[in-house]
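Keep the sequence and the 3D view open while reading.

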Amino acid sequence: MEQEYCGFWGRILRVDLTTGATSVEKPDSKIYRQYMGGSSLASYFLLHELPPKTDPLSPENILIFTTSPVTGSPISGQARHTAVSRSPLSGTIADSQCGGWWGVELKFAGWDGIIIKGASSQPVYLYIEDDQVQILSADTLWGKTTGEVQDLLHEAHSDKARILQCGPAGENLVRFAMITSDLRDFHGRGGLGAVMGSKKLRAVVVKGSHRKLKLADPDGLKVVRDWFNRGVKDHPAISLHHKLGTPKIMISQSLAGVLPTYNFQDGSFAQIEEISGEVMNDKIGEKPETCYACAVACKRNVKGTDGKFEVSGKYGGPEYETLGLLGPNLGVDNIVAIAQCNEACNALGLDTISSGMTLSWAVECFERGLLTEEDTGGIKLEWNDPMTYLDLLNKIARREGFGDILAEGSLRAAKHFGKGMEKYSIQVKGQEFPAHEPRGKWGVALGYAASPIGADHIQAAHDPCFDTPGDHSTEYNWVDETDLRQLGVLGPVPSEDISPAKVRNFVYLQQIWAVHHVLDWCIFTAVPEFRALSPNQLTEIVRTVTGWDTSLFDLMKAGERAITMSRAFNCLQGFTPDDDIVPDRFFEPMRGGTLKGHAIDREQFLEARQLYYGMMGWDEYGVPTRAKLEELNIGWIWDLLQKKNV
Amino acid sequence: MEIQVKLYGSLNRFSQPDTPGLWQGEIPQGSRLQDLIAQIGIPEKEIWIAAINGAANAFDAEIPDGAKVIIVTARGSGG
């Protein structure tokens, strides 16, 4: 098959699981040029085809997987793909990027994406080998762990096939069920695994034979690759990221007072040195793994036992977010126990972030006497009790007893029990917080509140990236040598600040982060502290791969377009500014840790939120204005908003 | 006075040869964090946080005898 365009195929696979029909859609190349890929291309289809307020777990919901024109090009960071749907956890758009190999394999099979509608009456999986697309029975897979299913599918097809699947949690419609890619990479957030489960779709298996994608300027791409290789050589932050991965920040987060501890009551953990990234490496660390074609190779890999807890090595190792939320956030000071809880989540198909946060909500409520053993089915809840957590993770995934209520997520569980327990559910729009305490990073608080998917830490660079005193326009230290100057982010702005300067930085950074989500780039090749690839160099990748005459301005607009489309989607579901807020806890003084007594100023925060809407071209209710929509060339969304009287 | 310094992240390279991640030694009475940092030879701009006995401190904080100091560079920056 001849690849018509440079970087992409111009082919999307459509699957209707109700009828069993499959078809090929060939969107106009102008659609790709404007929406590019990833979350933006997926949102384009979702906004056009999903009626507002569709039940996320009904057959009418749509699940879309997309790649971008640069996915699969031979340079670090181009290995990700996107999944988009309406979230059963938050009711917002679910928009999640996943690394590894699956998205690249989909490109190698000749597809830019898959749009899945309907629901099968019986368990099925999708098998894609180039143009051959089959919907096959998953009767023998249903109910099994992700590891068992991975082995069975490899046996049935090829051990070179790449497998995306939900786990038992997804089958059982756990609202924070994830989708795993080859057991080690994840669409963690938003309950996308439950969307698969509701469609009785256990897995999407892909094998492709077109392993060299057509590039517009292969020699030009080699030049960019040389920049990258020079950038990563002896780069202290990148070599540290290879060695320790995201867990490298465990110690610093705790010392800075921004490590969630005991359900976000404290920000520092006394036993932090027992569970650092360094300790994990020493006790159970194995050689790090990599995504496709990546020189950074930061994926954790763990195996071993301490006599009481054990990890098999089959499911990869915990990242920082997982360590934080299944660790200090639950008071757990045993690194092997945390790694085993991570493995349990990965085998069962649970998001580790929402799992840790839902458990910590329950423990705090129990400690306060709001939940009792009568509520929990006789289970006594305490901090630092990983055995009980392992039992509960299983019960959540299987929807057994108390686990059936926790499977709804912390906010719904709190509403179920009442007695004011909502106060201890640490979430925005129903999606639980990631492992960053916003009272020490006020821009992150805005990110959590404004994020289109509910609380999310990958909306923008965090405040410490531009809080170092000094004239950032001329003088950078190596950590702050961020190339954010290319975006006009000249700082510094203190971390505990939500002034107009902070909001402006957040707006620019959210847009460049959204560029990563549109192009399915990994932020770990370009996140400011690494600076291996600057925004201008990223632009060169798009130019050399696609041949598009694009610019950083054009890409930033693509990022802004993606954010605005997600916002419009949420407006259509009925979300309002009242939903763009962090829980009361964060406007109250911290109980303990380095930042004991610190709190976010509520008035300043609310003012910043309005300023953010204004800077984004949204009205005072957070609804994108017609002018902004037209400026972004998505005026058709205005008609959708008008029809629904938003 | 004798103190112990744990060096995390890329500051590992300032460790003493036989004790990775660790610097142990004598510093003058009344030394402040900035004096210690200079004695070890770490460029201040590479440091995000320095802590004395588990509590983060400004660089001009005085170091007590027998203190356990932690110096880190990696910051939670949005990945």
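In this predicted model, the largest nonpolar core has 175 residues. The residues with the most contacts inside this core are Leu350(A), Trp361(A), Phe433(A), Ile541(A) and Tyr612(A). Helix H21 of chain A, residues 552-572, gives the most to the core, with eleven residues. There is also a second, separate core of 26 residues, which includes Ala83(A), Ala109(A), Val124(A) and Val195(A).

Leu350(A) shows what a place in the largest core looks like. Leaving out residues up to four places away in sequence, Leu350(A) touches Ala169(A), Val174(A), Phe176(A), Met178(A), Cys345(A), Ser355(A), Leu393(A), Ile396(A) and Ala397(A).

Helix H21(A) can be looked at by itself. H21(A) has 21 residues, and the distance from its first C-alpha to its last is 30 Å, close to the 30 Å expected at 1.5 Å a residue. The helix is mostly covered, with 20 of its 21 residues buried. Just after H21(A) comes Gly574(A), which takes a positive phi of about 100°.

Another helix of chain A is H15, residues 386-398, and Leu392(A) lies in it. Is Leu392(A) buried or exposed? Its relative accessibility is 0%, so Leu392(A) counts as buried. Apart from neighbours within four places in sequence, Leu392(A) is in contact with Leu359(A), Ile379(A), Leu381(A), Phe402(A) and Leu406(A). Leu392(A) and Leu359(A) are 33 residues apart in sequence, while their C-alpha atoms are 8.3 Å apart in space.

Loops can hold buried residues too, and Gly257(A) is one case. Gly257(A) is found in the loop between helix H9 (250-256) and helix H10 (277-284) of chain A. Gly257(A) is buried because its relative accessible area is 0%. Setting aside neighbours within four places in sequence, the contacts of Gly257(A) are Gly267(A), Ser268(A), Glu437(A), Met590(A), Thr594(A) and Leu595(A). Val15(A) is 242 residues from Gly257(A) along the chain, and the two C-alpha atoms are separated by 48 Å.

The cysteines come next. A disulfide is a covalent bond between the sulfur atoms of two cysteines. How many disulfides does the structure hold over all chains? It holds zero. Cys291(A) gives an example: the closest cysteine sulfur, in Cys294(A), is 6.3 Å from its own sulfur, so the pair is too far apart for a bond. For comparison, the two sulfur atoms of a disulfide have to be within 2.5 Å. Cys291(A) is also buried, with a relative accessible area of 16%. Cys6(A) has a relative accessibility of 19%, and therefore counts as buried, since the cut-off for buried is under 20%.

Chain B remains. It contains one helix and five strands, and from the N terminus on its elements run β-β-α-β-β-β. Its C-alpha atoms fill a box of roughly 40 × 30 × 20 Å along the principal axes. A compact globule of 79 residues would have a radius of gyration near 12 Å; chain B has 12 Å, so the two values agree. Of the 79 residues of chain B, 53% count as buried. The accessible surface of chain B comes to about 3,400 Å², and 47% of that belongs to carbon and sulfur atoms. Among contacts in chain B with a separation of 6 or more, residues 24 or more positions apart account for 56%.

Notes. Residues are numbered from 1 along each chain as its sequence is written. Chains are lettered from A and ligands numbered from 1 in the order in which they are written. This is a predicted model: local features need pLDDT of at least 70, side-chain atom pairs count only at pLDDT 80 or more; totals for chains, interfaces and linings use all residues. Side-chain values use heavy atoms; hydrogens and water are left out. A nonpolar core is a set of buried Ala, Val, Leu, Ile, Met, Phe, Trp, Tyr and Cys residues joined through side-chain atoms within 4.5 Å. Buried means under 20% relative accessible area, exposed over 50%, partly exposed in between (1.4 Å probe, protein chains only). Helices (H or I, at least four residues) and strands (E, at least two) are DSSP runs, numbered from the N terminus. Contact means heavy atoms within 4.5 Å. The radius of gyration is taken over C-alpha atoms; the globule rule is 2.2 Å times the number of residues to the power 0.38. Accessible areas come from the Shrake-Rupley method with a 1.4 Å probe; for residues, only the protein chains shown count as cover. The expected span of a helix is 1.5 Å times one less than its number of residues.
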